[in-house]
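This briefing concerns selected local features of the structure shown below. It is intended to be read alongside the sequence and the coordinates.

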Amino acid sequence: MSPQIVRRICLAIAALVLTAAAQAGTPAPSPKAPEPAKPAGKELSGKLEMFSWWTAGGEADGLNAMYGLYRKAHPKVEIVNATVAGGAGTNAKAVLSTRLAGGDPPDSFQLHAGLEVEKYEPGKYLQPLDRLYASEGWDKVFPKDLIALLKYKDHYWGVPVNIHRSNILWYNQKIFADNGLTAPATWDQFFKAADTLKAKGLVPLVIGTKEGWEAGHTFETILASILGPKGYKDLWAGKTPWTDPKVAEALGTFKRLMAYANTDYAALTWSDAAQYLVDGKGGMHIMGDWTDGWFTSKNYKGYGWAPVPGTQGTFVALSDSFAAAKGARDQENLMAWLRLAGSKAGQEAFNPKKGSICARTDCDPKLFNPYLQSAMKDWSSNAIVPSVAHGAAAVEKWATVYKDVLNTFATRGDVAAAQKELQQACVDNGVCK
Ligand code: GAL
C-alpha cells in the first residue's frame, strides 16, 4: 500500500472517531494543537503546499514577495502554489471544502478573518493557533478590532496578513479633471457626476458581476452608507431588521447606480471592470482596495480614490489570514510559513504590492503608497464594520444567499422581492425572527 493511501486511511479513521464521538454526545476533543517549538536554526526540507485564490496582478505579486522571503530562509523547501482563480474565493472555497472533506488538505490556506471559518468546521479540520499567537506575541501587535474578528469559539484559527477596505470609490483623475468634477461625497453628487459623464459618452460607473459576489460587495458599501456604521452592524446581529425602510432605500440607490453601469457587466470580473478606468473609458468603480494593488501592478497611476459616498468615517473591513490544516503534511514547514505571514518583514513585503495595510500596528508607513497611507490613517480613526462579501460579518451560507440575492437584483431590480429575500435569509440563519 502506498504511503499516501495509508495516510488517507488513517485520516478517514480519525474522522470517523471524531464523528462518532460527536454523535455519542461526547464533547469534541479540546482543540489543543501540537504546535511545535521554533525549530531553532534547523534546516527545513520537503514541501509546503499553499492554497489561495490570488492570481490577479497585485495579489499574486504580494504572495510571491512572501514566498521570496520564505525561500531565502528555507531554500530546501519546495513551495507548491496551489491557486484556484476567482475573486473573493468564489471557486477556491468549493475546491478547498472538497479537499478537506476528502482528507487531502493543503498545508495552509487562505481564510477570511471572521465568521467564514465556521464553514470549515474548525474543530475538525483546522489547527488552533493559540500557542503560536502567544509565542510570537501577536495579541499585542494585531489591532484590537482585528483580534475580535479572528477569535472564533475562543481560539485563533488563522494568521492575518493584512487588512483590506471594501468601501472605496476609485475614479479616473483625468476624466474627472477634464469634466470639472471632484470625488462625490454624497449620492446626489455621485448622480450629478454620473450624468455629466454619461452626457460625454463615457461609462459613469464600471462594474463586473461575472463571479457572482461583486454586486453583493457594491451593495454592502451602500448599506453602510445609508444605514450608518451602527445600523449596518446591527443588520448582521438581528438588531436592525432587513424590513427597515433604509434597506429599501439602499436597494433603490443600487438600482439607480446600475442604470449608469457598463452594459457588459455580467461578462466582466472586478479587474476587467477596473480596466475601463485604465483605458480612460470609465469614470468610477466601487471595489475593495486590492484594486490599488492591481493598478500598481499595471503601473497605472491615474486613479483617485474616496470613501463610497456617505461612508466617510466608516471602514468596511476584511482581512486575509492563513489557516493551518489538521493533517498538514509537514508541520514544521507550515509553522515556519505562519510565522513569516504574521511577521513584520513578511507583511512589509506583502502588503505594499497587495494593496492592503498590515495586520500589524508596527509596519513602516514609508513603504506604502499615498492611498495605503490614507487607509492606515482611516483604519486607526474610523468606525470599523465587517464586510459580508468577504467572510467577516456572517457565516458562509448566509453570505452566499445574500450575494445571490444581490446578483439577481443587479439585473432584475425588484426592490420588494430582494428585500423580502434578504430578511428571509436572516431568519433562516437564526439571527432574525
Ligand atoms: C477578497 C480577498 C482579497 C482579494 C479579493 C479579490 O475576498 O480578501 O484579498 O483577493 O477577494 O479577489
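The model is predicted. A search of the whole structure finds two disulfides, and helix 10 has a kink of about 115° at G228.

**Helix 10**

- Helix 10 runs over residues 214-237 and comprises 24 residues.
- Its end C-alpha atoms lie only 23 Å apart, whereas a straight helix would reach 34 Å at 1.5 Å a residue.
- The kink of about 115° is located at G228, shortly before the proline P229.
- Just after helix 10, the residue G238 adopts a positive phi of about 80°.

**Disulfide C358 to C363**

- C358 is joined to C363 with an S to S distance of 2.2 Å.
- This disulfide is left-handed, because the torsion about the S-S bond of C358 and C363 is about -95°.
- C358 is buried at a relative accessible area of 4%, and C363 also counts as buried at 11%.

**Disulfide C426 to C432**

- The sulfur atoms of C426 and C432 are 1.9 Å apart and form a disulfide.
- The link of C426 and C432 is right-handed, with 75° about the S-S bond.
- C426 is buried with a relative accessible area of 0%, and C432 is buried with 10%.

**Pairing pattern**

- With the bonded cysteines of the protein chain numbered in sequence order, the pairing reads 1-2, 3-4.

Key. Residues are numbered from 1 along each chain as its sequence is written. This is a predicted model: local features need pLDDT of at least 70, side-chain atom pairs count only at pLDDT 80 or more; totals for chains, interfaces and linings use all residues. Side-chain values use heavy atoms; hydrogens and water are left out. Helices (H or I, at least four residues) and strands (E, at least two) are DSSP runs, numbered from the N terminus. The expected span of a helix is 1.5 Å times one less than its number of residues. The bend at a residue is the angle between axes fitted to the seven residues ending there and the seven starting there. A disulfide is a pair of cysteine sulfur atoms within 2.5 Å. Buried means under 20% relative accessible area, exposed over 50%, partly exposed in between (1.4 Å probe, protein chains only).
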